[in-house]
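Reader: I would like to go through the labels used for this model one at a time. Please set each value against its cut-off.

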Amino acid sequence: MTEENQTLVTEFILTGLTEHPTLKAALFLLFLLIYTITMVGNLGLIALIWKDPHLHTPMYLFLSSLAFADSCTSTSVTPKMLINFLSKNHEISLVECFAQFYFMGSSATTECFLLSVMAYDRYVAICNPLLYPVLMSNRLCTQFIAVTYLLGVLHLAIHVGLLFRLTFCRSNVIQYYYCEILQLFNISCIDPTINMFVLLIFSISIQTFTFVTIMVSYIRVLFAILRKKSEGRSKAFSTCSAHLLSVSLFYGTLFLIYVCPGSGPVGDKEKMLSLFYTVIIPLLNPFVYSLRNKEVIGAFRRVMKNR
């Protein structure tokens, strides 16, 4: 091994989505618009739920927490990507790189658990409506939310802690638009098998547990809805369909990236899948949950009327 190859890397270079100057300008404007709408949508939804007393219920408490997690996911990735579209210097320090992955990953993990808790909330509300105030009190919901964020923080602390056992000397170029953990494994000088094994075990365990919880909850909800009278079905289907759409998009992309990752150099397909859950899903979620929700629309009208 040459002396140059033995030099340990302390800074990385993110290649981004494209090297074409004309495309960079167009993509900068596109992702700036997406990020602006994402933050306005999610933070606006949080503010609306906080301001309107009619929305101070467990379902909307969970929804505001999901909106905050989406905001964190998008903010951990998009601003750096926007800077790199305009700058010729795409360097990111090792500490910044690990921090970016930590905040993005912890937000994504929190979202997994939040989606499962939201499914359980709908199960209790529809299948056991009389027990709902007892089983889903505001205090218990706050504890649920605290646990989901704690699990996200602890989960990523494990992976980032294991990253510090690796050294990087093969290359400092990350063929991605953010510090993605699988790309870090590719340029590690030390065998990352332990890291990959731990990542795979945790990814499968968390995604399987939360996804099964969601599916079991909604299968029971579906049977409960089918037993309802026709006038009660519409609202229940509307609420649950929005949640299931969000779940399908989120888990589908996570499964393809971390449970069934491809081998070899990263391609456009992997980048598009990653963009979907780091950028597009945080953009869509506030609108998926609110556009057909009469309570949210009613709250928005009340807030605007009282201005």
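Reader: Why is Lys 24 called buried?

Author: First, the basis: this is a predicted model, in which local features need pLDDT of at least 70 and side-chain atom pairs count only at pLDDT 80 or more, while totals for chains, interfaces and linings use all residues. Residues are numbered from 1 along each chain as its sequence is written, and side-chain values use heavy atoms, with hydrogens and water left out. Buried means under 20% relative accessible area, exposed over 50%, and partly exposed in between, with a 1.4 Å probe and protein chains only. Lys 24 has a relative accessible area of 13%, so the label is buried.

Reader: Where is Lys 24 placed, and which residues does Lys 24 touch?

Author: Lys 24 is in helix α2, residues 21-51; helices (H or I, at least four residues) and strands (E, at least two) are DSSP runs, numbered from the N terminus. Contact means heavy atoms within 4.5 Å. Leaving aside residues up to four places away in sequence, Lys 24 touches Thr 18, Glu 19, Phe 85 and His 90. Phe 85 is 61 residues from Lys 24 along the chain, yet their C-alpha atoms are separated by 5.3 Å.

Reader: What makes Ser 217 buried?

Author: The relative accessible area of Ser 217 is 7%, so Ser 217 is buried. Ser 217 belongs to helix α8, residues 193-227. With residues up to four places away in sequence not counted, the contacts of Ser 217 are Ala 119, Tyr 120 and Tyr 123.

Reader: What makes Arg 302 and Asp 52 a salt bridge?

Author: The rule asks for a side-chain nitrogen of Lys or Arg within 4 Å of a carboxyl oxygen of Asp or Glu. For Arg 302 and Asp 52 the closest N and O atoms are 3.1 Å apart, so the pair qualifies. Arg 302 has 32% relative accessibility and counts as partly exposed, whereas Asp 52, at 4%, is buried.

Reader: How many salt bridges are there by this rule?

Author: The count comes to two. Arg 122 and Asp 121 also meet in a salt bridge, with 2.9 Å from N to O. Arg 122 is buried at 14% relative accessibility, and Asp 121 is buried at 1%.

Reader: How do you know that Cys 97 and Cys 179 form a disulfide?

Author: A disulfide is assigned to a pair of cysteine sulfur atoms within 2.5 Å. The sulfur atoms of Cys 97 and Cys 179 are 2.1 Å apart, so the pair is called a disulfide.

Reader: Why is the disulfide of Cys 97 and Cys 179 given a handedness, and which one?

Author: The torsion about the S-S bond is about -125°, so the disulfide is left-handed.

Reader: What makes Cys 169 and Cys 189 a disulfide?

Author: Their sulfur atoms are 1.7 Å apart, so the pair meets the cut-off. Cys 169 is in the loop between α6 (138-163) and β3, and Cys 189 in the loop between α7 and α8, 20 residues apart. Cys 169 is buried at 11%, but Cys 189 is partly exposed at 25%. The structure holds two disulfides, and the bonded cysteines, numbered in sequence order, pair as 1-3, 2-4.
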